[in-house]
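Please consult the sequence and structure shown here before reading on.

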Amino acid sequence: MLATPQVQKEIQRRRTFAIISHPDAGKTTLTEKLLYHGGVIHETGEVKGKQGTKAVTSDWMAMEREKGISITSSVMTFDFEGLRVNLLDTPGHKDFSEDTYRVLMAVDSACMLIDVAKGVEERTKKLYEVCRLRKVPIFTFVNKLDREGKDPLTLIDEVEKTLNMQCYPVTWPLGIGQRFRGIYNRLTKEIWVYDQRREEVEDYKIIPFEKGKDDQILYQYLDKESADQVLEELDLIEGALPPFDVNEFLNGTISPVTFGSAKQNFGVDTFLKFFTQYAPGPQARHTKDDREIDPCDANFTGFVFKIQANMDKRHRDRIAFIRICSGKFERGMKVKHSRHDKELRLSYASQFVAADKETVDDAYAGDIVGVGDTGNFAIGDCVFASGKVHFEDIPKFAPELFGRLSVRDALKRQKMQEALNHLSEEGAIQLFIDPIVGPQDPIIGAVGELQFEVLLRRLQDEYNLEVKLNRLPYGVARWPRTAEGKPVAELKGGANMFRDLQDNPVVLVNQEWDLNWLKRENPTVEFQTSISRAR
C-alpha cells in the first residue's frame with residue numbers, strides 16, 4: 001500500500017548523496033561551501049585553520065581538526081530550492097574505506113571530487129569501482145581550478161580512460177591557475193566571471209554567451225592565449241557531444257562534470273543547482289528475498305549503516321544512523337528489529353550537521369536519522385513497522401594489521417574490554433577471540449596504521465585509558481568457508497584459528513605465502529576476504 005499523497009510529496013523532495021575523493025582533493029572544503037549555500041552556516045571554515053579561524057563543521061573529532069582530514073563519515077541535512085538534501089561527508093583516507101563503503105550503501109548518488117593538478121588518483125579508482133558495483137550515479141566536480149593543473153581536455157580524457165566512464169562537461173573553465181577567471185555553463189549558455197581577489201563571495205558577473213556569436217566577450221576578461229584556448233576547446237566539445245541525457249546519467253553511462261574552486265567558493269553553487277535539478281530521489285531497495293521496497297510504500301523500513309559512540313562525551317551517548325528506505329518515521333514509533341526479532345520504541349531521534357544534532361519528530365524515505373541506542377543495534381540491522389524486511393547485508397573486510405592492547409592499571413582492564421567492544425560495534429576496528437584464551441584478551445585488527453592511531457587517541461580521550469599497543473606478526477585474515485558458504489572451523493596445515501564477534505571462524509597468518517600453503521592443503525575451502533555482518 002502506498003503512503004498518503006502528502007507523505008509521497010515529502011519523500012520525492014529528498015536527495016541523499018555522498019562526496020567521495022582521494023585525500024586532500026578538497027572534499028571537506030566543498031562540504032563546507034555546500035552547507036554555506038544551503039544556509040546552514042554563515043561563515044565557512046578552513047580545514048587546516050590557523051589559530052582563531054573557524055574550524056570546519058563536518059570534521060567534529062579533535063583529531064580530525066588537528067590533522068586536517070576526515071576520519072569518520074558525518075551526516076549533514078539542509079534545504080535548497082525546495083529540496084531536503086542529506087549530504088554525507090566520507091573519510092578520504094584509505095584506512096577508513098570500510099566506513100566509506102557503508103556510506104555508499106546509504107545514498108542514492110555520489111559526487112566524485114578530482115584535484116585538477118593530480119587527476120585520477122588510486123583512491124578515486126577504488127571508490128569509483130564501489131559506485132559502479134552499487135550502481136550509484138556519479139557527479140564529477142573538478143576542484144582547485146585556482147591552482148595550476150592539467151588542461152581540462154587532458155583531464156577529461158584521463159578520467160574517461162582510467163575509470164572507463166564517459167564524461168559530460170556541464171561547465172567549462174575559463175583559464176586555470178592564476179588565469180582562472182570563471183566558468184562557462186553549457187546548459188544555460190552563460191559565462192560566470194569573477195576576480196580571485198574579490199572580497200565578497202557573491203561578487204561575480206553572469207553574462208549571456210553564445211559560442212560563435214559572442215566570442216569577443218571572452219577577450220574582455222581573459223588574456224588572448226587563455227581566450228584562444230577556451231574557444232578552441234569549446235569548438236571540440238560542442239561539436240562532439242550530444243545534448244545531456246539524464247537517463248544515461250541515472251543508469252551510470254555518463255558522469256556530468258562541473259569545474260570550480262571550493263576554496264574560492266566558485267562553481268559550487270552552479271554544481272548545487274545542477275545537482276538539485278538532476279540528482280535522483282530515494283530509490284527502491286532490494287531485500288535478501290529478492291523483493292523491491294518502493295520508497296513511497298506506507299510501511300516504514302530502514303537499515304543501520306553507521307554507529308557512532310561518544311559524539312557527546314559528557315553523556316556517553318551512542319547513536320545508530322538509520323537510512324530510511326520507505327514510508328514515514330515518527331519519533332516514539334514502535335518498530336520491529338530484524339536480528340533480535342523484537343519490538344523497540346524509537347523514542348529519541350535526531351538529524352545532524354556533523355556533531356550538532358537537533359531532535360526530529362518525523363522524517364521520510366531518503367532521510368538519515370540518528371536514534372539513541374543502548375546496545376540494541378549493530379551495523380546492518382534492519383527495522384520495519386510491519387511484516388519482515390531484510391535488506392542486503394553490509395560486509396566487513398579483512399584487516400591487514402594486528403595487535404593486542406595492555407593497560408598499566410589492572411583495575412581498568414574491564415573498562416578497556418568494554419571500550420574495545422564499543423569501538424568494534426562502530427566498525428572502527430575488528431576483534432578476534434582466541435578460543436583458548438577467551439574474550440578477555442582479544443586480537444585487534446585494523447585496515448591501516450591510522451586506524452590504530454585513532455584507536456589509541458579515542459581510548460585516551462573518550463575513555464580515559466592509557467594503553468600500550470603490542471604489534472603481532474599476522475598480516476592476513478581470511479574467513480574459511482565451504483563452496484556452499486558454510487563456516488569451516490578446522491583446517492589442515494597448522495593454521496591459527498580464531499573467532500570474530502559473530503562467532504565466525506577466522507584464520508590469521510603472517511603473510512600471503514602462508515595463506516597459499518593453506519589453500520593447497522585445503523583445496524575445497526574458500527578463504528574469503530569479506531563477510532556479512534549479519535549474526
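Strand β8 (residues 182–185) and strand β9 (residues 190–194) run antiparallel and are joined by four bridges. The model is predicted, so local features need pLDDT of at least 70 and side-chain atom pairs pLDDT 80 or more, whereas totals for chains, interfaces and linings use all residues. Residues are numbered from 1 along each chain as its sequence is written, and side-chain values use heavy atoms, without hydrogens and water.

**Sheet**
- The open sheet has four strands in the order β7-β8-β9-β10, with antiparallel pairing (pairing requires at least two DSSP bridges between two strands; strands are DSSP E runs of at least two residues, helices H or I runs of at least four, numbered from the N terminus).
- Because β7 (171–174) and β10 (204–208) are the edge strands, each with a single partner strand, one side of each lacks a neighbour in the sheet.
- On average, neighbouring strands of this sheet are turned by 20 degrees against each other, direction ignored (axes are lines fitted to C-alpha atoms, for helices over the stretch in contact, and angles between N-to-C directions run from 0 to 180 degrees).
- Tyr-184 stands opposite Ile-191 in β9.

**Helix on the sheet**
- Helix α8 (residues 224–240) lies across β7 and β8 and runs at about 165 degrees to β7.

**Lys-144**
- Lys-144 is found in the loop between β5 (138–143) and α6 (152–163).
- Lys-144 is buried, with a relative accessible area of 13% (buried means under 20%, exposed over 50%, partly exposed in between, with a 1.4 Å probe and protein chains only).
- Beyond four places away in sequence, Lys-144 touches Asp-24, Ala-25, Gly-26, Asp-115, Val-116, Gly-260 and Ser-261 (contact means heavy atoms within 4.5 Å).
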